[in-house]
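Morning, everyone. I have one model to walk through today. Please bring it up on your screens.

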Amino acid sequence: MKKQIDVLGKIVQFVCSAAIAMISIAVFTQVIARFVFNAPIFWIEEFAIDLMIWMILLGSALATASRSHTRITFFINLLGDKARGVVEIFTQFLCMAFMLYISYYSLGNVASTMKNLTTALRIPRGLLYAALPVSGVLIALYDLCNMIQDIHTLAGGGKIGGDK
């Protein structure tokens with residue numbers, strides 16, 4: 001399972017890298033077209049914004065996988081090692097449950113907006129909104145993997161949580 005999760009992470013990382021490259025090229029092209037040739041390309045801004053939304057949400061999943069989201073650990077560091085581990089696992093469970101809840105209920109929004117086309121690109125608006133359930137499921141999956149890893153660490157007598 002770990003190998004599949006790592007491969008999935010590499011794919012998401014590649015997609016985010018490709019997205020930032022495409023955004024950079026698109027914005028650069030728009031600047032040149034607008035200020036040098038005085039002929040802006042009408043769809044570039046929408047393209048860059050939509051791609052940025054996908055990149056940010058997928059990047060959030062990568063941050064969950066690597067446990068690099070910003071956290072305030074002052075209070076959790078006041079706890080003992082075992083209690084801190086239990087709180088960390090419970091927090092990951094709550095995040096996983098919330099992301100699954102959000103993902104499930106956002107599917108209706110995705111489905112209901114598939115017939116609505118975006119203004120410039122003329123693609124279904126639901127494709128943009130699909131970023132939320134996709135990233136939500138990825139975040140939940142990474143939270144589950146982190147929980148399993150922490151449970152094994154805690155069961156083996158190791159330390160988890162807080163500032164390591």
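Contact, in this talk, means heavy atoms within 4.5 Å. Ser 60 touches His 69 and Ile 139, leaving out residues up to four places away in sequence. Before going on, a caution. This is a predicted model.

Stay with Ser 60 for a moment. Ser 60 sits in helix 2. Where is Cys 95 relative to Ser 60? Cys 95 is 35 residues apart from Ser 60 along the chain, and their C-alpha atoms are separated by 12 Å.

Helix 2 runs over residues 44-65. Helix 5 covers residues 131-155. The axes of these two, helix 2 and helix 5, come within 8 Å. They cross at roughly 5 degrees. Angles under 35 degrees count as roughly parallel, so helix 2 and helix 5 are roughly parallel to each other.

Who makes that contact? On the helix 2 side, the residues include Ile 53, Trp 54, Leu 57 and Leu 58. Ser 60 is one of them too. On the helix 5 side, look for Leu 132, Val 134, Leu 138, Ile 139 and Tyr 142, among others. By class, the contact of helix 2 with helix 5 has twelve nonpolar residues, four polar and one charged. Asp 143 of helix 5 is in the contact, and Asp counts as charged.

Next pair: helix 1 and helix 2. Helix 1 spans residues 2-35. Are helix 1 and helix 2 roughly parallel or roughly antiparallel? Their axes come within 9 Å and cross at roughly 155 degrees. Over 145 degrees counts as roughly antiparallel, so that is the label for helix 1 and helix 2. As for handedness, helix 1 passes helix 2 in a left-handed crossing. The residues of this contact divide into 17 nonpolar, five polar and two charged.

On to the charges. How many salt bridges does a search of the whole structure find? The search finds five. I'll take you through some of them.

Begin with Arg 34 and Glu 45. Their side chains meet in a salt bridge, 3.1 Å from N to O. Arg 34 is in helix 1, Glu 45 is in helix 2, and they are eleven residues apart. Arg 34 has a relative accessible area of 34% and is partly exposed. Glu 45, at 42%, also counts as partly exposed.

Then Asp 150 and Arg 67. Here the salt bridge is 2.9 Å, N to O. The pair links distant parts of the chain, 83 residues apart. Asp 150 is in helix 5, and Arg 67 is in the loop between helix 2 and helix 3. Is Asp 150 buried or exposed? Its relative accessible area is 3%. Under 20% means buried, so Asp 150 is buried. Arg 67 is partly exposed, at 31% relative accessibility.

Another one: Arg 71 with Glu 88. The closest N and O atoms of this salt bridge are 2.9 Å apart. Arg 71 is in the loop between helix 2 and helix 3, while Glu 88 is in helix 3, 17 residues apart. Arg 71 is partly exposed, with a relative accessible area of 42%. Glu 88 is buried, at 6%.

Compare a residue in helix 3. Ser 106 is placed there. Ser 106 is buried, with a relative accessible area of 10%. Leu 132 and Pro 133 touch Ser 106, again leaving out residues up to four places away in sequence.

Last topic: backbone angles. Most residues other than glycine have a negative phi. Two to check against that. Asn 38 has a positive phi, near 50 degrees. Asn 38 is in the loop between helix 1 and helix 2, and counts as exposed at 67% relative accessibility. Arg 122 also has a positive phi, near 60 degrees. Arg 122 is in the loop between helix 3 and helix 4.

That's my tour. Over to you.

Key
Residues are numbered from 1 along each chain as its sequence is written. This is a predicted model: local features need pLDDT of at least 70, side-chain atom pairs count only at pLDDT 80 or more; totals for chains, interfaces and linings use all residues. Side-chain values use heavy atoms; hydrogens and water are left out. A salt bridge is a side-chain nitrogen of Lys or Arg within 4 Å of a carboxyl oxygen of Asp or Glu. Helices (H or I, at least four residues) and strands (E, at least two) are DSSP runs, numbered from the N terminus. Buried means under 20% relative accessible area, exposed over 50%, partly exposed in between (1.4 Å probe, protein chains only). Axes are lines fitted to C-alpha atoms, for helices over the stretch in contact, and angles run from 0 to 180 degrees between N-to-C directions. Angles under 35 degrees count as roughly parallel, over 145 as roughly antiparallel, 65 to 115 as roughly perpendicular and the rest as oblique. A crossing is left-handed if the near helix is turned anticlockwise from the far one by less than a right angle, and right-handed if clockwise.
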